[in-house]
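Work through the exercises below with the sequence and the model in view. Try each task before reading its solution.

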Amino acid sequence: MTDAPNEPWYAPLPPCEATVPCGQGTHVIGWEAGELRLPNHSDPEAELVLAALGGEKARCVEIARTWRRHLGDLTVLGIGPRGAADKVAVSWDDVDAAAQASQGGGWGSGAAVARRLASPPAAAMARAASRQRQHRQEADEASQRRLDMLSLLALGAGFQVRLIGHVIAAHADQPDEHGPSIRPALKAALAGRFALVAERWLGIDPDQVEVSLHRDKGWGSVELTGRGEQRRLRVSLPVWWLARVWACGLALTGRHLVVAVERAGWPDAQVLALRGPGAEPVSLSAHASDGPPGTPDAPHWTI
């Protein structure tokens with residue numbers, strides 16, 4: 001395989017849903033075919049306008065805005081799950097507590113700052129006021145970011161994995177001139193997640209896995225060398241692997257390591273897979289069924 005399939009990266013993923021406290025009850029937020037859906041809100045944009053005019057903000061609509069804000073946020077790769085056993089559990093009570101905490105405290109008023117100075121000159125007062133505004137802005141941004149991340153995590157693992165896929169898709173085809181600034185984050189995201197897949201595949205210690213970004217055409221390479229403590233699994237994969245393979249639950253299918261998707265789809269896909277390190281990849285048909293109990297949004301693929 002030398003080119004990506006024509007289908008979007010999320011084609012092998014089923015819809016997923018989460019229940020969210022909204023208004024006086026609970027609403028459903030859904031994800032399907034790459035889009036966040038709000039079935040209980042027929043006109044989210046109109047609700048945003050009303051909220052700006054002083055009306056009540058609907059949590060579902062706020063979450064949709066938060067989702068859009070972070071579709072290309074590389075820091076999402078550092079807080080989302082690395083594997084099926086890597087649970088990131090955040091409740092809506094945690095989100096509410098964080099929102100309440102963000103409304104308290106503060107940096108004090110400009111008048112209070114001025115009172116702490118003995119006969120403050122106008123220039124000193126202006127500098128103090130400027131610093132205060134900057135500090136307040138930075139504190140507000142940090143508080144909003146924390147609240148955003150908690151809200152996204154509270155949606156559950158299905159949404160977390162899909163958001164990681166969206167972030168990868170937003171950066172995977174960046175021109176080379178932008179590459180150096182984002183490559184470390186992409187490499188760390190790929191290495192951390194692939195190492196856990198390799199542990200399940202071969203029983204190898206994740207610390208013995210070395211991952212590099214493959215930037216040429218083709219899927220890359222997987223090579224195992226050494227013995228015992230000197231054993232090393234050296235892997236080169238394109239960053240697209242995280243979205244097209246890992247995020248879709250295809251990474252380890254039927255004891256094969258899937259290295260690329262030839263034809264994306266649900267519940268059937270055609271994949272390129274390795275039986276072992278150094279082996280030639282083979283084209284296999286994969287079929288998805290419901291995931292294990294407790295993981296309704298995670299497809300279970302078989303060959």
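**Exercise 1.** How many bridges join strand 1 to strand 2, and do the two strands run parallel or antiparallel?

*Solution.* This is a predicted model: local features need pLDDT of at least 70, side-chain atom pairs count only at pLDDT 80 or more, and totals for chains, interfaces and linings use all residues. Residues are numbered from 1 along each chain as its sequence is written, and side-chain values use heavy atoms, with hydrogens and water left out.

Step 1: locate the strands, which are DSSP runs of E with at least two residues, numbered from the N terminus. Strand 1 covers residues 16–22 and strand 2 covers residues 25–32.

Step 2: apply the pairing rule, by which DSSP must find at least two bridges between two strands. Seven bridges join strand 1 to strand 2, and the strands run antiparallel. Pro-21 stands opposite Thr-26 in strand 2.

Step 3: look at the turn. Two residues lie between the strands of this hairpin, and Gly-23 in the turn has a positive phi of about 65 degrees.

**Exercise 2.** Which residue of strand 3 is the bridge partner of Trp-31?

*Solution.* Step 1: strand 3 (residues 35–37) is joined to strand 2 by three bridges, and the two run antiparallel.

Step 2: the partner of Trp-31 is Leu-36.

Step 3: this hairpin also has two residues between its strands, and Ala-33 takes a positive phi near 50 degrees.

**Exercise 3.** Over which ring does the charged end of Arg-244 sit?

*Solution.* Step 1: the rule requires CZ of Arg or NZ of Lys within 6 Å of the ring centre and within 35 degrees of the ring normal.

Step 2: Arg-244 sits over the ring of Trp-240, 4.3 Å from its centre.

Notes: Helix = DSSP H or I, 4+ residues; strand = E, 2+ residues; numbered from the N terminus.
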